[in-house]
Amino acid sequence: MKHVFPYRLYLVISEEACKGRPLNDVAEMAIRGGVDIIQLREKFDDTETFLQKAISLQNVLRKYNVPLIINDNLEVAKRSNAYGIHVGNSDSPPTAIRESWAACQCLGYSIEYLKQLVNKETLTSDYLGISPIFDTLTKQDTVTQWGLAGLRQIRSITEKPLVAIGNMNAQNAYDVMKAGADCLAVVSAICGAANPEKAAREIRSNIERAI
Ligand SMILES: Cc1ncc(COP(=O)(O)OP(=O)(O)O)c(N)n1
Ligand SMILES: Cc1nc(C(=O)O)sc1CCOP(=O)(O)O
Ligand SMILES: [Mg+2]
């Protein structure tokens, strides 16, 4: 069965990645360039600080009808009325999230091992983050890069929406989509760009060429 996940360009944003520019401004520029879903990922904030950032970002995203996904923190996701949450193998498992957050509309789950594709956590998830496609300095505690061959293999096994993450940029966007991704998730190629709007537009146009 095909699952509904209409998004193509997924911004994963943090204050640190925005290099001194206001996070909400970078998010807004990225949306103008073609980002259509955003994850707030603050690995070092306490819950209250994370929550305030989430509520503030939510106020921007509502103007554009862009969904907010919260990384890891279920309390922040619930209290900010986020659209969903993204979790990995070190976080609360998707089945536990479903039990305690019935209103969750989009649950993302990171895939680091092929055997995860047949577990109950994958079954209950709305999309899979393919973690990582290529090694990246932005997140170094990863297992192994899947590469395009790994992505093709996963595509042949599951019909779940696949979000490719890890060093995604305008140069590789076309090839990654052709290898089976439904959506690309980006941190540095947009948040760290001199012009986040232009950077997002270039990636988006290469995604559109591939579909
Ligand atoms: C879209 C997307 N895919 C994968 C990840 C990584 O999640 P996780 O493995 O839980 O690692 P952290 O991001 O929590 O460090 C993601 N965040 N988003
Ligand atoms: C948040 C995240 N998760 C990853 C994973 O492999 O699960 S890689 C990553 C960071 C991606 O950053 P950039 O676009 O700068 O490479
Ligand atoms: Mg996590």
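A residue counts here as buried if 20 or more other C-beta atoms lie within 10 Å of its own, as exposed if 12 or fewer do, and as partly exposed in between, with C-beta atoms placed from the backbone. This is a predicted model: local features need pLDDT of at least 70, side-chain atom pairs count only at pLDDT 80 or more, and totals for chains, interfaces and linings use all residues. Residues are numbered from 1 along each chain as its sequence is written, while chains are lettered from A and ligands numbered from 1 in the order in which they are written.

**Stop 1**

Select Asp72 and Asp91, which UniProt lists under "binding site" in an unreviewed entry. They span 20 residues in sequence, yet no two of their C-alpha atoms are more than 6.2 Å apart, so they gather at one spot. UniProt positions follow the numbering used here, feature names are shortened, and annotations may be inferred rather than shown by experiment.

Start with Asp72. It sits in the loop between S3 and helix H3 (74–79). Helices (H or I, at least four residues) and strands (E, at least two) are DSSP runs, numbered from the N terminus. Leaving aside neighbours within four places in sequence, Asp72 is in contact with Val87 and Asp91. Contact means that two C-beta atoms, placed from the backbone, lie within 7 Å.

Now Asp91. Look in the loop between S4 and helix H4 (94–100). Asp91 is partly exposed, with 17 other C-beta atoms within 10 Å.

**Stop 1: the other annotated positions**

Next, select Gln39, Leu40, Arg41, Glu42, Lys43, Asn71, Ser110 and Lys139, which the UniProt annotation "binding site" (unreviewed entry) covers.

Buried or exposed: which is Asn71? Asn71 is buried, with 21 other C-beta atoms within 10 Å. Its place is in strand S3 (residues 68–71). Not counting residues up to four places away in sequence, Asn71 touches Gln39, Leu40, Arg41 and His86.

Move on to Lys43, in the loop between S2 and H2. Lys43 has 11 C-beta neighbours inside 10 Å and therefore counts as exposed.

**Stop 3**

Color S6 and look at both faces. Tyr127 and Gly129 lie on one side, Leu128 and Ile130 on the other, and all are buried.

Which strands flank S6? Strand S5 (residues 106–111) runs parallel to S6 and is joined to it by 4 bridges. Strand S7 (residues 162–165) also pairs with S6 in the parallel sense, over 3 bridges. Two strands pair if DSSP finds at least two bridges between them.

**Stop 2: ligand 1**

Of the 18 residues around ligand 1, Gly88, Ser110, Gly129, Ile165 and Ala185 come nearest. A residue is near a molecule or strand if its C-beta atom, placed from the backbone, lies within 6 Å of it. S1, strand S4 (84–87), S5 and S7 each supply at least two residues of this shell.

Color the shell by type. It divides into 6 nonpolar, 8 polar and 4 charged residues. Ala, Val, Leu, Ile, Met, Phe, Trp, Tyr, Cys and Pro count as nonpolar, Asp, Glu, Lys and Arg as charged, and the others, Gly among them, as polar.

**Stop 5**

Ser131, Pro132, Thr136, Thr138 and Ser188 come nearest of the 18 residues around it. This shell holds 7 nonpolar, 9 polar and 2 charged residues.

Thr142 lies in the loop between strand S6 (127–130) and helix H6 (147–157). Beyond its neighbours within four places in sequence, Thr142 is in contact with Ser131 and Pro132. Thr142 counts as partly exposed, with 17 C-beta neighbours inside 10 Å.

**Stop 3: helix H1**

Finish on helix H1 (residues 23–33). Of its 11 residues, 8 are buried, so H1 is largely enclosed by the rest of the structure. Select the buried ones: Leu23, Val26, Ala27, Glu28, Met29, Ala30, Ile31 and Gly33. They pack against strand S1 (9–13), strand S2 (37–40), helix H2 (47–64), helix H8 (188–191) and helix H9 (196–210).

One step past the helix is Gly34, whose phi is positive, near 125 degrees.
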